[in-house]
Structure formats: C-alpha cells, structure tokens
Amino acid sequence: MQRLAARDLWAGLFCIAIGAIALVLLANTRMGAVAAMGPGFLPTWLARLLVGLGVLIALKSMLGSIPSLTLDWRVLRPLLLILGAIVLFALLLRPAGFALTAFALLLLAAAAGRDFRWREALVIAAAIATAASLLFIVALKINVPLWPSWFLP
C-alpha cells in the first residue's frame with residue numbers, strides 16, 4: 001500500500017507541475033467570458049482543472065500513510081524517456097527535418113517499453129515515420145521540412 005501511495009503522490013505532483021507551467025504560459029492570453037470566450041479560456045480552465053486534480057490525488061495519497069519517497073529508476077525511466085522524446089522532437093524538428101525527427105522520437109519512445117528490441121523498434125519506427133511523413137508533409141502539406149537542408153542535394 002505504501003508504494004501505491006508514493007506513486008499517487010508523484011503523479012499528483014506531476015499534474016500540479018504541468019498545470020502550473022501551463023497557467024504560467026497562458027498568463028498573457030485573453031480569457032474573455034463564458035458568453036464570449038477568448039483563445040485562453042479553455043486551456044486556462046483545463047490547466048486549473050489539472051492542478052486541482054493533482055492536489056486531490058496528492059492529498060489522497062497522503063491520507064493513507066506517509067509515502068516512501070525513494071525514487072526507483074525502473075519507475076522513472078519510462079517517464080523520462082517519453083518526456084525526453086517529446087523534448088527531442090521539439091528541438092530537432094526544424095534543423096533535422098520531420099522524417100529523421102519522427103524516427104528518433106519513435107525510437108526513444110519505444111525504448112521506454114519493458115520488452116524493447118532494437119530490430120523491431122527500427123523497423124516499426126521507419127514504417128511509422130514514413131507513414132507520418134506521407135500524411136503530414138505530403139498529403140496535408142504542413143509547412144515543415146521533410147529532410148534537413150544538409151541532406152538534400
């Protein structure tokens with residue numbers, strides 16, 4: 001029971017942190033009113049809801065017993081790899097192009113799984129990156145480079 005309480009506490013704190021970051025980033029957007037909603041209305045309320053749910057989850061975990069706050073790498077590894085994949089995508093999209101960035105994102109996200117196998121991950125990442133490139137860049141014509149500029153002749 002104590003391990004579950006620690007997981008709930010960390011999940012609640014994570015929700016609070018993400019909601020707080022969103023509220024800070026949305027501070028300069030126009031809220032409007034319920035009758036005339038601005039562009040920041042829905043995201044701000046969703047961030048507030050996320051903070052509130054995080055507080056409830058964290059409080060619920062602390063009511064049962066004081067949790068053990070030891071960090072276990074096996075628990076943090078998937079979370080850090082998925083967050084790292086998202087950050088990698090944001091940092092590499094323009095300089096590396098969509099296809100290579102999607103491939104790298106998929107490999108890093110696949111490494112978060114318990115039964116990660118390199119060969120399978122490479123094949124699946126290549127297939128999904130190709131399909132996503134065809135969908136987003138070719139079919140939908142999203143204005144993002146497909147390949148890095150140094151890659152093209």
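**Exercise 1. Which pattern does the protein follow, read along the sequence?**

Solution. The model is predicted: local features require pLDDT of at least 70, side-chain atom pairs count only at pLDDT 80 or more, and totals for chains, interfaces and linings use all residues. Residues are numbered from 1 along each chain as its sequence is written, and side-chain values use heavy atoms, with hydrogens and water left out.

Step 1. Elements are DSSP runs numbered from the N terminus, a helix being H or I with at least four residues and a strand being E with at least two. On this basis the protein has five helices and zero strands.

Step 2. In sequence order, the pattern is α-α-α-α-α.

**Exercise 2. Describe how helices H4 and H5 pack.**

Solution. Two packed helices are described by the angle between their axes and the distance between the axes.

Step 1. Axes are lines fitted to C-alpha atoms, for helices over the stretch in contact, and angles between N-to-C directions run from 0 to 180 degrees. The axes of H4 (residues 98-110) and H5 (residues 118-139) come within 8 Å and cross at roughly 140°.

Step 2. Angles under 35 degrees count as roughly parallel, over 145 as roughly antiparallel, 65 to 115 as roughly perpendicular, and the rest as oblique. H4 and H5 are therefore oblique to each other.

Step 3. Contact means heavy atoms within 4.5 Å. Among the residues making the contact are Phe98, Phe103 and Leu107 of H4 and Trp118, Ser133 and Phe136 of H5.

Step 4. Ala, Val, Leu, Ile, Met, Phe, Trp, Tyr, Cys and Pro count as nonpolar, Asp, Glu, Lys and Arg as charged, and the others, Gly among them, as polar. The contact residues of H4 with H5 comprise 17 nonpolar, one polar and no charged.

**Exercise 3. Identify the salt bridge and state the accessibility of its partners.**

Solution. Step 1. A salt bridge is a side-chain nitrogen of Lys or Arg within 4 Å of a carboxyl oxygen of Asp or Glu. The count by this rule is one: Glu120 pairs with Arg117, and their closest N and O atoms are 3.1 Å apart.

Step 2. Buried means under 20% relative accessible area, exposed over 50%, and partly exposed in between (1.4 Å probe, protein chains only). Glu120, at 41%, is partly exposed, and Arg117, at 45%, is also partly exposed.

**Exercise 4. Locate Leu59 and give its C-alpha separation from Ala5.**

Solution. Step 1. Leu59 belongs to helix H2 (residues 41-64), and its relative accessibility of 44% makes it partly exposed.

Step 2. Leu59 and Ala5 are 54 residues apart along the chain, with their C-alpha atoms separated by 9.9 Å.
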